[in-house]
Amino acid sequence: MAWKAIGIFDSGVGGLTVLKEIIKTLPQEDTIYLGDTARVPYGSKSPETVTRYSRQITSFLVQRDIKMLVVACNTASAVSLAALKKEFPIPIVGVIEPGARRAASVTRSGKVGVIGTAGTIKSSAYAKAIKRINPEIEVVTRACPLFVPLAEEGWVDNEVARLTAQAYLQGVKEEGVDTLVLGCTHYPILKGIIAEVMGGGVTLVDSAEETAFTVAEILRGKALLRPSSEKGNHHFFVTDVPAGFIRVGNRFLGGRLGDVYQVSLDEEGKEEEPAGEEI
């Protein structure tokens with residue numbers, strides 16, 4: 001079992017920030033990543049639809065013999081995690097619980113901010129998770145939808161990003177939060193500008209980092225870690241033409257993706273030729 005890969009999926013490219021942290025924390029592990037680029041975004045879809053997509057993707061990854069699944073999508077974590085855990089016999093981790101646990105443990109004032117997409121904020125998933133850990137914590141939430149296109153465009157340190165961050169975060173800052181959860185997998189790309197706007201007294205909680213720590217903890221506890229002397233291989237699948245995923249993905253991962261295969265989840269096992277770096 002230890003030699004099997006870690007499966008990771010997201011509705012698109014954002015989950016690569018989670019993959020990046022997993023590679024940093026567990027460089028010896030193989031990974032298989034699937035971005036459902038044909039059906040992105042998930043945030044605007046019904047919970048039933050997101051759960052159906054999540055089941056299809058999990059089946060695809062389980063057929064590739066993974067030892068653990070990471071749901072690197074906040075929307076899917078919010079609405080599909082319980083169903084997946086019930087149906088599939090491997091350890092499954094989402095991105096919400098790890099971030100919530102960290103936020104609850106580091107806040108000093110008992111006021112925690114959460115920023116995310118409209119869908120994630122509407123689901124109240126982070127607020128509920130934090131309050132399950134400590135009902136006394138006050139949670140201030142704010143949807144920041146424009147952060148996603150800014151991150152994908154690479155506009156992470158210019159005046160447009162700065163003004164957008166100020167517009168979104170000023171109210172959260174004025175509420176007096178001392179901890180801010182980056183509740184979307186795109187947001188770590190904007191960590192610098194978010195920290196600048198929030199100021200030095202606010203601790204940023206990166207759900208991608210916390211998820212990677214949780215994955216390591218679970219695999220260690222189940223004796224499923226590969227020897228630390230190994231070097232992991234990383235495989236990428238998408239459900240639409242790979243060109244855009246490769247362009248943005250190289251920026252998110254901070255390196256070269258290598259081959260990205262386009263697959264159809266409707267026709268089981270169908271795979272097309274990989275797209276290489278020239279795209």
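This is a predicted model: local features need pLDDT of at least 70, side-chain atom pairs count only at pLDDT 80 or more; totals for chains, interfaces and linings use all residues.
Residues are numbered from 1 along each chain as its sequence is written, and side-chain values use heavy atoms, with hydrogens and water left out.

To the opening question, then: S5, residues 111-116, and S6, residues 138-143, pair in the parallel sense over six bridges. Helices and strands here are DSSP runs numbered from the N terminus, of at least four residues for helices (H or I) and at least two for strands (E), and two strands count as paired if DSSP finds at least two bridges between them.

S5 is mostly covered, with six of its six residues buried, where buried means under 20% relative accessible area, exposed means over 50%, and partly exposed lies in between, computed with a 1.4 Å probe on protein chains only. In a regular strand the side chains alternate between the two faces of the sheet. Along S5, Lys111, Gly113 and Ile115 point one way, and Val112, Val114 and Gly116 point the other.

Let me move to S2, residues 31-35, where five of five residues are buried. Thr31, Tyr33 and Gly35 point one way from this strand, while Ile32 and Leu34 point the other way. S2 runs parallel to S1, residues 5-10, with five bridges between them, and aspartate 10 stands opposite glycine 35. Five bridges also join S2 to S9, residues 234-238, and that pair is parallel as well, with leucine 34 opposite phenylalanine 237. S1, helix H1 (residues 16-25) and S2 make a right-handed β-α-β unit, right-handed meaning that, with the strands pointing away from the viewer, the path from the first strand over the helix to the second runs clockwise.

Between S1 and H1 there is a loop, and serine 11 is found in it. Serine 11 counts as buried because its relative accessible area is 10%. Leaving aside residues up to four places away in sequence, serine 11 touches Gly35, Asp36, Thr37, Val40, Tyr42 and Cys73, contact meaning heavy atoms within 4.5 Å. The C-alpha atoms of serine 11 and isoleucine 189, which are 178 residues apart along the chain, are separated by 17 Å.

On a 1 Å grid over the protein atoms alone, a pocket is an open set of points with protein on both sides within 12 Å along at least five of seven lines, a cavity is a set where a 1.4 Å probe fits but cannot get out, and lining residues have an atom within 4 Å of a point. Points are joined across faces, edges and corners, and a volume is the space filled by probe spheres set on them.

The largest pocket has a volume of about 500 Å³. Of its 27 lining residues, Ser11, Val40, Pro41, Val148 and His186 are the closest to the centre. The elements giving two or more residues to this lining are H3 (74-87), H5 (118-123), H7 (147-153) and H11 (243-253). By class the lining has 11 nonpolar, 14 polar and two charged residues, where Ala, Val, Leu, Ile, Met, Phe, Trp, Tyr, Cys and Pro count as nonpolar, Asp, Glu, Lys and Arg as charged, and the others, Gly among them, as polar.

The second largest pocket holds about 250 Å³ and is lined by 14 residues, with Ser77, Ala78, Ile96, Ala125 and Arg132 nearest its centre. H3 supplies the largest share of this lining, seven residues. Seven nonpolar, three polar and four charged residues make up the lining of this second pocket.

Finally, the search of the whole structure finds one cavity of 30 Å³ or more. The residues that line the largest cavity are Asn74, Leu182, Cys184, Thr185, Pro188, Asp206, Ser207 and Ala208.
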